[in-house]
Amino acid sequence: MGIDRRGFLKLMLGAGAAGALGVAREAKANNEDFEGYPDSNGVLVDTSVCIGCRSCEEACDRANNLGKPAKYFADNSVFEKPRRTQNNEFTVVNRFQSEATGNKPVFVKKQCMHCNEPACFAACLAKAFSKSPTGAVVYNQDVCIGCRYCMQACPFYAPTYEYDRAFTPRVRKCTFCLNRISQPGGVPACVEACPTDAILFGKRKDLLKIAQKKLANDSSYVDHIYGQNEVGGTSWMYISKVPFEQLGFKMDLGTTALPKKTYGFLATIPVLHIGLPILLAGFYTIAKAREKSAKEHPEEGRK
Amino acid sequence: MSERTMPTTPKEWIRENIFLGKTIGEYIKSLITPWNIVAAAILAVGIPVIIYRLIYGLGAATHLSNINPWGLWLGFDMFFGVAVATGGFVMAVGVYIFGLKDYQPMVRPAILTGFLGYFFAIVGLAMDLGRYYRLPYPLTFSMGTASVLFLVAEHLALYLTIQFIEFLPAVVEWLHLTKIREWLYKIHIGAVILGSVLVLGHQSALGAVFLIMPSRLHPLWYSPYLPYLFFVSCLAGGIAMLVVESLLSHKVFGWQVKESDHEKIDRLTLGLGKAAGFVLFAYFALKMLALLHGGNWVYLKGFYGVVYLIEVIGFVLLPLYLYTMAVRRQSATLVRVASVLTVLGIMVNRFNVCMTALNWDAPERYFPSWMEIVLSLTLATFGVIVFKWVVNRMPVLYRLPDFPDEH
Ligand code: SF4
Ligand code: SF4
């Protein structure tokens, strides 16, 4: 005989308590109504203004101590192939030139989008990411275990990883110059360096108004603000006179914040923690009772 | 071996229990078998590879990149390894909760495989972590509770402990620790119930890991049903693995089993085949539902369409058909064929989700480096070696007369 009734009850209570703890914990994590910080900052990128001078890249390199670039920033041969962010390049400017762009070059700056509800944040099991009220999505290398789920979750393929560091690899990405923008009047290094008005820093809601006005006044703009609603909205937003899909933007992201895709599942877990033990205990009791009656009345057989 | 008497001195004990009653020289000689030579060859390459990875890092050992941060070590060791290690759970619930006493002889080998499967999955995961020495961080002072992966880690760690407790009776019987054995009887059912909760939790969570990447996983595999697909398929994989495993272990450890048992094993195999068939049917239905749900059949063309069709027709429908035939013809052999196919099918599915169809929209594809392949093989080999070591010593396939059936 396995277990007496009292011991069994104790076990069940234990399992129940563990389940209840699960409820409390996950309920807090499921802040489903979080829509991003209303007063957070953002950047509006106008791809029709950017001249591809790569001053932003250079400023970023200096601000974040990223070391000497492979090719000097004035070297335009980097435009031959589209580039992506790297461990030592938190932002890159790509050139697009084709019939679709009227054979004129269009330059697009790329970096972490600083999502309102970041997938990287929800993915990280070590809580290495946080969304600062300034708008910046911040990475903390001190707790990261290096599972790279954040990279795999990011819809923009933004974070990179220091695979070449054997013992202390870090995830790398744009920091939104958190230390600078936390100061009154501070702007990110790239914005400061830009000689044109291609990248504008400000409150996200003000930037949205500016963008809407631009689109209303000039019909040559595509009627879309990229990042306004993509994956629930991002701090960095883009406007363009060339269809976004021609400029390497992903158009299949939808407007739901990616962390929300997992809330439904996470919510079922507490139910499982409480419901399943009760169910199984029930089956166990039935099986035991059957066995007992089969022993006492062997003539009836087991079935 | 069951007639072994309690040895008196520690030296005798070691000889009896560790060296199987042989002298060290004899014992070493007995280790030279074809399988052991193959295993030794794998380890001879694999252990240096492990050391190389630990010293020179992921960049030197793998083909992982900024675009494809996940590869074989997660796909094989974690997603596949854990999926087919559910046999222990299936057997424990079947025998101890539902009282299917006939399957009693299969419980312990199943739990042992389960435990080792999980253990080496976690070792594989550690190999994959950039900072493996921080493995306990998420479970201690920096918990990302909103993360599905956190749920996986938490449930995995607990379940590994539970499986250890479930297997402990075999260890204490081996060591003749009667007192502890009695105490273990008492907590056994609790452990089985808690274990079930954990299995359901982390198996579905492993599927839910991909929910956050709708644009990065190909639509033929991405589905809001991923948690359910993973759970149902791991049941099929776990049951099929039981069949494969009992086939192998009775080939290898046949001497531990009485002749009359073979007929019984065929009967049990047929029972498992029936169960696997049912589960596989449910899995197929769910997969079709997932396909129809998003109107995703439009993607059934080109490279990914072919990969998907191979997976579904070759590794779900075909074994399903074979199981049906097996039950109709009462053929244990057919069940075994179908089971091998099912286990392979789970591997194909996990590889597709975790590698082939992942980051499909990116310009760069992933293929594992030879070191990644060797390391995964090495961990699997370690698993088999430990399994053999334990089965040769502890009452796993047979029961000691002093400790008859539990419950
Ligand atoms: S773009 Fe990627 S890395 Fe940046 S905040 Fe969004 S999910 Fe995170
Ligand atoms: S790699 Fe680091 S930051 Fe990214 S999810 Fe894993 S633990 Fe979190």
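Predicted model: local features only at pLDDT ≥ 70, side-chain atom pairs only at ≥ 80, totals over all residues.
Residues are numbered from 1 along each chain as its sequence is written, and chains are lettered from A in the order in which they are written. Local features need pLDDT of at least 70 and side-chain atom pairs pLDDT 80 or more, while totals for chains, interfaces and linings use all residues; side-chain values use heavy atoms, without hydrogens and water.

Student: Which helix of chain B gives the most to the nonpolar patch?

Tutor: The patch includes B:Leu292, B:Trp297, B:Tyr299 and B:Leu317, and its members together have about 700 Å² of accessible area. Patch residues have over 30% relative accessible area and no salt bridge, with nonpolar side chains (Val, Leu, Ile, Met, Phe, Trp, Tyr) joined within 5 Å; areas come from the Shrake-Rupley method with a 1.4 Å probe, only the protein chains shown counting as cover for residues. Helices are DSSP runs (H or I, at least four residues) numbered from the N terminus. With three residues, the largest contributor is α12 (residues 302–329).

Student: Is B:Trp297 buried, partly exposed or exposed?

Tutor: B:Trp297 lies in the loop between α11 and α12 of chain B. Buried means under 20% relative accessible area and exposed over 50%, with partly exposed in between (1.4 Å probe, protein chains only). Because its relative accessible area is 48%, B:Trp297 is partly exposed.

Student: What is the relative accessible area of B:Tyr299?

Tutor: B:Tyr299 is in the loop between α11 (261–293) and α12 of chain B. The residue is classed as partly exposed because its relative accessible area is 33%.

Student: What area is buried between chain B and chain A?

Tutor: The contact, meaning heavy atoms within 4.5 Å, takes 68 residues from chain B and 66 residues from chain A. Buried area is the accessible area (1.4 Å probe) that two parts lose on being put together, summed over both. Carbon and sulfur atoms give 62% of a total of about 5,900 Å².

Student: Which residue of chain A meets B:Lys101 in a salt bridge?

Tutor: A salt bridge needs a side-chain nitrogen of Lys or Arg within 4 Å of a carboxyl oxygen of Asp or Glu. The rule finds three across the interface of chain B and chain A. At 2.8 Å, N to O, the partner of B:Lys101 is A:Glu291.

Conventions
Patch = residues over 30% accessible without salt bridge, like charges linked within 9 Å, V, L, I, M, F, W, Y side chains within 5 Å. Helix = DSSP H or I, 4+ residues; strand = E, 2+ residues; numbered from the N terminus.
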